[in-house]
Amino acid sequence: MRLAIVGTGYVGLVTGVCLSDFGHDVVCVDHDEAKIAKLRRGEAPIFEPGLEALMAKNTAAGRLSFTTDLAEAMEGAGAVFIAVGTPTRRGDGHADLTYVMAAAEDIGRALKGYAVVVTKSTVPVGTNRQVADAVRRANPGAEFDVASNPEFLREGAAIDDFMRPDRVVIGVENDRAKKVMAEIYRPLFLREFPVVYTGLESAEMIKYAANAFLATKITFINEIAALCERVGADIKAVSKGMGMDGRIGNKFLHAGPGYGGSCFPKDTKALARIGQDHASPMQIVETVIKVNDEVKRRMIDKIIDLCDGSLRDKSVAVLGVTFKPNTDDMRDAPALTIVPALVGAGAKVRVCDPQGRHEGEALLPGVKWVEGAYQAAHGADLLVILTEWNEFRALDLGKLARKMAQPRMADLRNIYDPDEARAAGFTHYVSVGRAG
Ligand SMILES: NC(=O)c1ccc[n+]([C@@H]2O[C@H](COP(=O)([O-])OP(=O)(O)OC[C@H]3O[C@@H](n4cnc5c(N)ncnc54)[C@H](O)[C@@H]3O)[C@@H](O)[C@H]2O)c1
């Protein structure tokens, strides 16, 4: 089938590349000319493992192309996907639907024959109907259906998540649209990955409920971690013991500096607003948002305590700034709260991250970027691990400690063993949810 994808960000690009790998003819559209030029040169504008290779394979096979011209992309398309951003609207926490609605109107104007307008962006309940209205307003005679097809991929493992999903959720209202969607996802259906068909509202709700639940799980374990520190329990043992319960599961039970990223912060806020708007408050989610902010502040206090109450003129090495490993995405990363607080408290901060510099440089003023962990540690009074990139997981702790002026470590991802860190020469070591 010929398909058009509007928006070539983390979701749109991965969707386009993977659908072309299924055998469809995919044209990806973005109004960002620089991005399209880059894509045409075969370069991915984002860091996502495996993406560039799969892009090259499908471009070479003639199934994948990139354009800024929506009308050209939609020529003969059986479906057009909306995969544009839905950031938090400034001021009120709602999802900002400006980009989605603009895309819907553009699609309406470009529609010729029948097509399914598929919303892949994460959007509040009711948005797919608004998309249908916008398309109809732009083109009253257009023949189309809408479908809600939320995306659950994780950055850093996006290709695998798209190709091997836990489930595909499709909200549709009639058989014609259902048939088109079934045809698009046929390769997954044939490999027996579950496809959940629902109405539009349920599909929209599934996405927010799933993200809010995961954010809640992380926040729950972070709160338990704070209590562990007070009572002398070890959060790693607690998470392990809890996670082995099949009803709970071991995923999203790792204590750390709070959730961040392009989805959880904005989607929890949007769900809280949806609840308020419908007089059905999301009290748990509202608390999760508040507790997550407190977790980040607690990390700042932890770091300051480790330096005897003052960071003035202290040299601090920060390892990792992206919101998680294997991505260059800095959106709402805990580093954006924690690093400026360190700079504000008078620390001289040196930062390294395998992929974060390109995005991070503008977002973290007043820090010095260095190449790796050992360079960051040189002469430092404190080392802070903020993102658990693989290359930070197996550092030579003795070498690291010897390079530092004061061998102190705040391991906010619990990747080292406290006894090993001390044996390697770290006089001070703190982590999350582990006493001492
Ligand atoms: N990033 C994730 O891990 C993830 C996972 C699941 C769902 N989502 C959801 O998917 C959606 C997209 O997220 P993202 O992270 O890919 O966003 P993004 O900001 O990385 O990309 C959005 C792209 O859309 C383009 N765009 C905006 N308006 C356009 C228009 N009218 N025409 C053409 N191009 C346009 C932008 O230039 C940009 O390249 C969001 O709703 C998000 O919540 C994201």
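Mentor: A salt bridge is a side-chain nitrogen of Lys or Arg within 4 Å of a carboxyl oxygen of Asp or Glu. The model discussed here is predicted.

Trainee: How many salt bridges does the structure hold?

Mentor: Side chains of opposite charge can pair when their charged atoms come close. One of the pairs here is D245 with R247, whose closest N and O atoms are 2.8 Å apart. The number of salt bridges in the structure is 22.

Trainee: How many residues apart in sequence are the parts that E151 and K120 tie together?

Mentor: E151 and K120 form a salt bridge, with 2.8 Å between the closest N and O atoms. E151 belongs to the loop between β6 (144–148) and α7 (158–163), while K120 belongs to the loop between β5 (115–119) and α6 (127–138), so the parts tied together by this pair are 31 residues apart in sequence.

Trainee: Are E151 and K120 buried or exposed?

Mentor: A residue counts as buried when its relative accessible area is under 20% and as exposed when this is over 50%. E151 and K120 are both buried.

Trainee: Why are the buried residues of helix α3 placed on the same side of α3?

Mentor: The buried residues in helix α3 (residues 51–60) include L51, L54, M55 and N58. They are on the same side of α3 because the arc they cover around the axis is only 105°.

Trainee: Which exposed residues does the face of α3 turned away from its buried side carry?

Mentor: Exposed residues have over 50% relative accessible area. On the face of α3 turned away from the buried side, these are A53 and A60.

Trainee: What is the phi of F252?

Mentor: Most residues other than glycine have a negative phi. F252, in the loop between α11 (235–243) and α12 (264–277), is not a glycine, yet its phi is positive, at about 60°.

How values were computed. Residues are numbered from 1 along each chain as its sequence is written. This is a predicted model: local features need pLDDT of at least 70, side-chain atom pairs count only at pLDDT 80 or more; totals for chains, interfaces and linings use all residues. Side-chain values use heavy atoms; hydrogens and water are left out. Buried means under 20% relative accessible area, exposed over 50%, partly exposed in between (1.4 Å probe, protein chains only). Helices (H or I, at least four residues) and strands (E, at least two) are DSSP runs, numbered from the N terminus. The arc is that of the directions from the helix axis to the C-beta atoms.
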